[in-house]
Amino acid sequence: MEKIAENRCFGGVQGVYKHASTTCQCDMTFAVYLPPEAAHRTVPVLWFLSGLTCTYENAMTKAGAQAWAARSGIALVFPDTSPRGDGVADDEAYDLGQGAGFYVNATEAPWQPHYQMWDYVTVELPALLRENFPLDMENQAITGHSMGGHGALTIAMSLPGRFRSVSAFAPICHPTAGDWGRKQFAAYLGTDEETWAPYDASLLMRDHGFSGPMLIDTGTDDQFGDLLGTEHMAAAIAARRQYAHIRLQQGYDHSYFFIASFMEDHVNFHADTLLS
């Protein structure tokens, strides 16, 4: 693992690191924020999965999460959104290829060799974190934005007991039924739609639910609102009687201004379970 940068931040350390990923078969970059308490003991972990076109850097610099994480004594992990580099398949469209990994394990050419983002985020990167940082990996929560919200919800529901709480900002909730999903799943996973279901949060809620608390925020002025499928997730939550809060935030859009406005709420939401 190579250290790219480390900066003092709210009494803790914001670091950026690179390593050779065996899962994605390329170099991967990620960021970790350690609160002041990490100098003396292991600390709980909150993952933030970013959205389309983003890298680890967007949330690290724009979400304002470090201040609230420092106050609660929680570490933050910001993975990248896809494999990158020479030889990694890409597409001219912004919503497919590099920057648009959708947190799935691709099975189709030309994506399969590198686009194993599910295994990277759930297996390889956690193991690397456990070995190199003072993190309590038995005490984790997860959140994300848009495509990353899709990733956070699906990963949390698919790995019972891994995460104590889950939240999302404007998540893609029903990708098997929308343009942000069907296009990418057909490319990465093939045309058999049964293989898509494990990556659909609304279907996972219907069939499995989540054992802990859940929070979803979406803006009423989200310019991509028709692609998110929030109403499908709400219906699945109601049918399952899942313990969850879905909040429609008046006048907010899909941007990081929206995320920064409610980041304190989300960090505090996770702190309630991580520190209890």
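**Salt bridges and the exposure of their partners**

D80 is buried, at 6% relative accessibility (buried means under 20% relative accessible area, exposed over 50%, and partly exposed in between, with a 1.4 Å probe and protein chains only). The model is a predicted one, in which local features need pLDDT of at least 70, side-chain atom pairs count only at pLDDT 80 or more, and totals for chains, interfaces and linings use all residues. Residues are numbered from 1 along each chain as its sequence is written, and side-chain values use heavy atoms, with hydrogens and water left out.

The side chain of D80 meets that of R84 in a salt bridge, at 2.7 Å from N to O (a salt bridge is a side-chain nitrogen of Lys or Arg within 4 Å of a carboxyl oxygen of Asp or Glu). R84 itself is partly exposed, with a relative accessible area of 25%. Across the whole structure, the search finds 10 salt bridges.

Another of these pairs K183 with D95, again through their side chains, at 2.7 Å from N to O. K183 lies in helix 5 (residues 179–189) and D95 in the loop between strand 5 (75–78) and helix 3 (117–132), so this pair ties together parts that are 88 residues apart in sequence. Helices (H or I, at least four residues) and strands (E, at least two) are DSSP runs, numbered from the N terminus. D95 is buried at 8% relative accessible area, whereas K183 is partly exposed at 37%.

Finally, K3 and E6 form a salt bridge of 3.8 Å, N to O, between their side chains. Here K3 is exposed, at 52% relative accessible area, and E6 is partly exposed, at 41%.
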